[in-house]
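I had this one open on the screen today and kept a few notes as I went. Have a look along with me.

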Amino acid sequence: MEQDEVLTHFQSLNRTRIERLRELAPKRQRSFFELLALLFHTNNHILPEFIRQDIPAGIMDFQPSNTQIDAAKELNPSFQFKRHALRHYPITGLYLINSNGLLNYPKQARFDLWLVHATDLSSDQKQALQYKLVAVSEWAATLGITVTSSLLAEDSLNQKSFSDDELDHFYLNGLILAGAVPLWWLIPPDSDYQTAVQTLLKQRMLNKASVIDFGGLASTISMAQSLVDDGVELLDGSIDHGLMYLLPLLHLQYQLQQYPNLPWLSDDLKQAIYQGETDPLQVDCKVLQLKQLERSNISLELLNFARQSFYIQAKERLSQKVSNPKLSWRRDFIADFTSPWSWKDAIFEQLDMQKNAHYQQCLAEHQQTNPVFQEINNSLATFTKRQQTTLDKQHQLIDQKLKLAVDDNPNTIQCLPVGLLAKRHEEHLYLYRFEADGDWKISNITLTSPTKLPLHQNTSLLHILAWAICNQMLTNTTRIKVADSCNFIAISKVMSIVKQLLRSPLAVPGKVNTKSLHDSPELSHVLLFANLEQQPTSKLSQKGLRLSSLQNDPLNYANRGESLVASIDGLICSSWGEWHIFSHTGVEAPLEMLTTLIHWWNPQHKDSYLHCWCPSDSYGKAISYRLEKLYTEVSEHYHENPLTGDYLLKIADKFYQLQWQPGSCDFNYLANTSNLTTALARIKPRFSVCKLDQNLDPTGLFSTLLTHQSDSQIIFFLHVQNQTISIYLLDELGGLFQQTYTDLTESTLVNHFHHFLGALTNRPRLRFFRLEQTRNNKWKTAVLPRPSQRNLGYLPVAITMDSPKDSANCTIECGPKHFSGSANDPALFSQVSELMLSLRQSKNDYPLYITQLNFSQTTVIATRDYIIQKQRLENLLNIK
C-alpha cells in the first residue's frame, strides 16, 4: 500500500471512529465530542469555558466541520466562525484516547486528552493553556465525563516522554480530533522504526502531510511492573461483575504467560489497516484482544468465557429480532463476528437474558467465573514473584474480596456480588417448614415433598427472608405463600417481618468500600427482632389476658419481675458489606445480644443505623423502645470508656453486670444481690467505669455519684437528713458503698476520715462533697472545704490486722497498752473500750474511733477494705 493510501485509510478510520463514539454517547454528552476541538481553535466568549482572549488558540491543519459549527450554534445561535489561516498555530494537535473502545459506551465515561503545543510558546502561554485544559475538564465533568488532560511540548516528544505501554495504548485507542497525524501511521508493519523514518525523510514523503513523531514501540521486556499494576486494577474492578469484564482479564493472563514476547495490540491494528481493513470494529481494542486469545493455546472453556464477555459488552441481543436497530453497524458486525463460533440458540438466549436474569442464572454465572478470577489472581502473584516486581496494597484487598465471595460461614447471609445480583425479582416465593424443628425452606416453585431441593434453607426464618431480600429476589410486589407444619408462624407475621426488612438498609445493595477492607470489619447497621418465634411464658397470656402494671419495664414487668423478651434475633451489616445473623433465647437474651454487638463496635466510630421491632400487638412498641434504649445507653458508655467498663441492669428481677476489657466481653449474674446498693458495693478486681441502666436509678442519685468515678481519687459524698448522715464512698476501683452515722456533724466526719485515710501511704487524692436533693427531686453535689490539720481531740487507737478478713489476728495499740487476739472477738474489744473510757477526760458520751488501721500482708489493700473494717471494728468498740 502506498503512503498516500495508508494515510487516507488511517484518516478515514479516525473520522469513522469519532463519529461512532458520538453515536454511542448519550445525547447530553455529544456536544463534548463536537465542540472539543473548536474550544481550542478559537477564543469565543459564547463557547463553554471561555477564559480570556489572549489564551493561545488555533490548531494546525484544522478547519471546523459544519457539524461542529452547528453544535456551537445550538448552544448560542449568535455564534459565528470565520474561516481564515494563521501565520502561526500555537497548537500542533489535540488527541483523545478512548480506552473503552467502540463496542459500547461506559456508564462512567473516562478519556485521556493530550494537547501538543508548539515549541516556541512562552511560559505564560503554556500556563494559560493549562488553565484552559482544567476548565474544559471541569466542563466535561458537568456532562458526566471524566477527562484526564496532559499538556505536551512538541520538542519533548523526542525525549521518550511516554512508556511503550502508553504509546501502544495511544496508537491503539487514540483519536486525532485536530492537528498533525502520528508519524507511526506511515511506518509499515514489521519495519524498524528509526530506519523507516530516515527512509521517509530521504524520499520526502513527510512533506505531504503534517505529522508528529511520538516515537516507536520498543521491546516489552520492561513492562513487567506495568502488567502487574494493570492486572491489579483490572481484577479489582471486575470480580464483582462476573462475565462482563472477563475478556480483558483473560487477555492480561495471556500476556503474563507470554511475557516478555508480547505482541503489541497496536501492531495488530496497523497490520490490519495495511491489509485494507476499513471497519473500525475489526480493529477495536476488545476485538483485537479476543483475536489474540483465539490464536493462543487458551483452553476452550476459557475462550468461551472470553467470547461470552465480548458478546455481553456488545449489548446486541441477537436472539431477539429487531427490524430497525439503533446501531445497525454494530449489530451487523456482532452477527457476522459470532457466526463462526457455532453457538446454539440457547446460549444467545441465556446471555441476552442477563439484564432480566433471575437468581439461579446469576448464581450459575458467579459459580463459573469466581474460580477464573481466583486463577488469574494466582497467575498475577506467581508472575510478580518470578519477575521480582511488587504488588501494592490493593492486591491484598483483592485477596480479601475473593475470600468474601466464597464465605460459607453459617452465620453470614450468603449474597452474590453487587454486579451479579438478580436483575429480576421473583413474582412468587414459597416458604415451607415440613417438621416442627426442621429448616425453613424457600423456593420459587411449589415443593410437594421435603426431599425436593429449595433455593435456600435454614433453621431461622429471619435468615431465609434476609437472604431472599439481599439477593434481590424478594420485593414489595412478591407474593409469598407460607406452609408451616407447626402452625406457629402466620402469613401476617411473615409479611410484617418482610415489611420491616424492606424498609431497612438490607434492601439496598451496598458496594463494598475497598478502603474498609484494610481494617477489621466493624458494625455499620444493626436490625433487632424480638420474640419472632419465641414468646414469654406467662399464665395470664396463655389465657389471652394482658397484665397491666405500674411496673411497666418490659425486662422486669409487673410485681413478679417477669421479662417480656423471650428471644432476640439480629442482623449485623459490617463495614465489609456482609450481613451477619445471630439469635439468642431465654431471659439473658438482651445481655447475650449486647456481648455479640460489643465485639463489632469500633471505639473510634459510634455512628450506626439501629432499628428494633417486635411483632407483639400488646407489648411490641414497649419492647422495641426498651431494647433500642438499652443498646443506645451501652453503646454510649462503651464509646466513652472503650478500654474497660461495666454496666448494671436488672432482668426478671435479677441483677446482672455486663463488663468489657481489651479482648473480652462478658456478663455475670450477681448472685446474693437483692438491691442496687449491694450491687454497687461488690468487690471489683480492677478499676472500671460503671454505668447504671436508667430503670435501676429512677431518682438519678447513684448515676450522679458515678459521674465522678476515677482511678486517681477517692470521694466521700455526705448527705445530711435530720440527725443521720449517709456517706457514699466512691473508691479508686469505681466501687460505691454506703455507711450511715448518727449524732455526728458533717465537719467531724470529714475531719475524721481525712485524718484516717491521710495516714495511709500511696493512696489516691481524697475529695469530699456535700450531696443535696433539689426541689425538683434532682441531685447535686458541692465541694466541701479541705479539713483543718488541728488535733481531733480523742485518744489514738491503732490496729494492725494480718489481713482484711474479719477473723484475722490483730494487735491493738491504745497508748502504752497493747492487746492481741482475733479481730472478731467482742471480749477483746470490750477490754479496749473499758481502757479508753477510763482514760477519757471528758464526760461527754461520744463514740470511740479508730485513728489508724494497718494490714501486715504485703499485697495492695483497697481503700474499701480499710473503710469497711474501720466501721466494723468501731462497732465492736462501741458495744454497750
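**Entry 1: helix H10 and its cover**

I began inside the fold: the cover over the buried residues of H10 includes H5, helix H8 (246-258), helix H9 (265-274), helix H11 (300-314) and helix H12 (328-338). For my own bookkeeping, helices (H or I, at least four residues) and strands (E, at least two) are DSSP runs, numbered from the N terminus. Buried means under 20% relative accessible area, exposed over 50%, and partly exposed in between (1.4 Å probe, protein chains only). Contact means heavy atoms within 4.5 Å.

The model is predicted, so local features need pLDDT of at least 70 and side-chain atom pairs count only at pLDDT 80 or more, while totals for chains, interfaces and linings use all residues. Residues are numbered from 1 along each chain as its sequence is written, and side-chain values use heavy atoms, with hydrogens and water left out.

How many of the 11 residues of H10 are buried? I found 8 in helix H10 (residues 285-295), so this helix is largely enclosed by the rest of the structure. They are Cys 285, Lys 286, Val 287, Leu 288, Gln 289, Leu 290, Gln 292 and Leu 293.

I then picked out Gln 292, which is buried with a relative accessible area of 2%. Beyond its neighbours within four places in sequence, Gln 292 is in contact with His 251, Tyr 254, Pro 263, Trp 264, Leu 265 and Asp 268.

H5, one of the elements covering H10, was my next stop. In helix H5 (residues 164-173), 7 of the 10 residues are buried, so H5 too is largely enclosed by the rest of the structure. Asp 164, Leu 167, Asp 168, Phe 170, Tyr 171, Leu 172 and Asn 173 make up that buried set.

Next I looked for cavities. On a 1 Å grid over the protein atoms alone, a cavity is a set of points where a 1.4 Å probe fits but cannot get out, and lining residues have an atom within 4 Å of a point.

Which residues line the largest cavity? I listed Phe 10, Leu 13, Asn 14, Arg 17, Phe 170, Tyr 171, Gly 174, Ile 176, Pro 182, Trp 185 and Leu 269. Helix H1 (3-24), H5 and strand E4 (174-179) are the elements that give two or more residues to this lining. H1 supplies the largest share, 4 residues.

By class, the lining has 8 nonpolar, 2 polar and 1 charged residues. Here Ala, Val, Leu, Ile, Met, Phe, Trp, Tyr, Cys and Pro count as nonpolar, Asp, Glu, Lys and Arg as charged, and the others, Gly among them, as polar.

Most residues other than glycine have a negative phi, and most peptide bonds are trans. With that in mind, I noted a cis peptide bond joining Tyr 259 and Pro 260, with omega about 5 degrees. Pro 260 lies in the loop between H8 and H9.

Asp 190, not a glycine, has a positive phi of about 65 degrees. I placed Asp 190 in the loop between strand E5 (181-182) and helix H6 (193-202); it is exposed, with a relative accessible area of 78%. Lys 315 has a phi near 60 degrees, again positive in a residue other than glycine. Lys 315 sits in the loop between H11 and H12 and is partly exposed at 44% relative accessible area.

**Entry 2: two residues farther along**

Gln 657 is in strand E16 (residues 654-661) and counts as buried at 8% relative accessibility. Leaving out neighbours within four places in sequence, its contacts are Asp 646, Tyr 647, Leu 648, Asp 666, Phe 667, Asn 668, Leu 670 and Arg 682.

Is Asp 697 buried or exposed? Asp 697 is buried, with a relative accessible area of 7%, in the loop between strand E18 (689-692) and helix H22 (701-706).

**Entry 3: stepping back**

Of its 880 residues, 51% count as buried.

Terms used
On a 1 Å grid over the protein atoms alone, a cavity is a set of points where a 1.4 Å probe fits but cannot get out, and a pocket is an open set with protein on both sides within 12 Å along at least five of seven lines; lining residues have an atom within 4 Å of a point.
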